[in-house]
Amino acid sequence: MRQASGKKRYIPALSFRWLTPLYDPLLKWVMREETFKQRLIQHANIRPGMKVLDLGCGTGTLTIMLKKIHPNAQVTGVDGDPDVLKIALDKSRGSDIQWDEGLASSLPYPDSTFDRVVTSLVIHHLITDDKRLAFKEIHRVLKPDGELYVLDFGAPHSSTTRFMTTYMRRLEETADNFDGLIPRFVAEAGFGSVKEAENFVTVFGPLSIIQAMKGT
Ligand SMILES: C[S@@+](CC[C@H](N)C(=O)[O-])C[C@H]1O[C@@H](n2cnc3c(N)ncnc32)[C@H](O)[C@@H]1O
């Protein structure tokens, strides 16, 4: 497992490190994670032999699902927190997944490495400048015909979901997400065909899947 260095502001999986062991049960039972992670994988249109990066893989639930559904893809999970990576490694014993420590703002991969980058519930952990840097880094590590799929909090589509965001927008770095700025940041990083592929309502607020292509 490769190690990251030079960390600055960093928000772990459940904001505080001592809550990390509760992350998997919370996502499974309260947030219906299986539903929207399955949809993210379906949208990503992964084919055999493709190289796929799960950015901010956390405890590896999405990464492991991805590898089970696409056993012939080369799957890598990267996260800035060595503690969650240990959980991911334990959960994935026997499967051929590469786990790396690294930051979204300086990914430890050469240019044009991956066919797909997926990322789930990570972008709202990053301050605005780091969100922009992360999308530039994703653009750099994708192959020329590569595609990005982002699952995260998104713009509300109804007055009920807008109301839900009034509290949530004060937590972590979610305000950009609820203000609908993620597609703009993705486009500014150089991506084309940026669009919201699907949205969901969860107890924590509205989620969107944003898809984008490196080539236009
Ligand atoms: C809410 S968890 C999501 C984990 C997983 N993707 C999922 O959907 O269950 C957010 C993850 O982002 C990681 N993270 C936060 N800031 C990061 C950064 N700057 N670079 C890389 N990973 C980061 C955290 O360590 C954490 O594992």
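A pocket here is an open set of points on a 1 Å grid over the protein atoms alone, with protein on both sides within 12 Å along at least five of seven lines. Lining residues have an atom within 4 Å of a point. A volume is the space filled by probe spheres set on the points.

The model is predicted: local features need pLDDT of at least 70, side-chain atom pairs count only at pLDDT 80 or more, and totals for chains, interfaces and linings use all residues. Residues are numbered from 1 along each chain, and side-chain values use heavy atoms, without hydrogens or water.

Start with the second largest pocket. Its volume is about 160 Å³. Of its 13 lining residues, Lys51, Gln74, Val75, Thr76 and Gln98 are the closest to the centre. Strands are DSSP runs of E, at least two residues; helices are runs of H or I, at least four. β2 (74-79) and β3 (97-101) each give the lining at least two residues. β2 has the largest share, 3 residues.

Next, helix α3, residues 61-69. Among the buried residues are Leu62, Ile64 and Lys67.

Now the aromatic rings. The whole structure holds 3 aromatic pairs (ring centres within 6.5 Å). Phe36 is buried at 1% relative accessibility, and Phe200 at 8%.

Conventions
On a 1 Å grid over the protein atoms alone, a cavity is a set of points where a 1.4 Å probe fits but cannot get out, and a pocket is an open set with protein on both sides within 12 Å along at least five of seven lines; lining residues have an atom within 4 Å of a point. Buried means under 20% relative accessible area, exposed over 50%, partly exposed in between (1.4 Å probe, protein chains only). Rings of Phe, Tyr and Trp (its six-membered ring) pair if their centres lie within 6.5 Å; planes under 30 degrees apart count as stacked, over 60 as edge-to-face and the rest as tilted.
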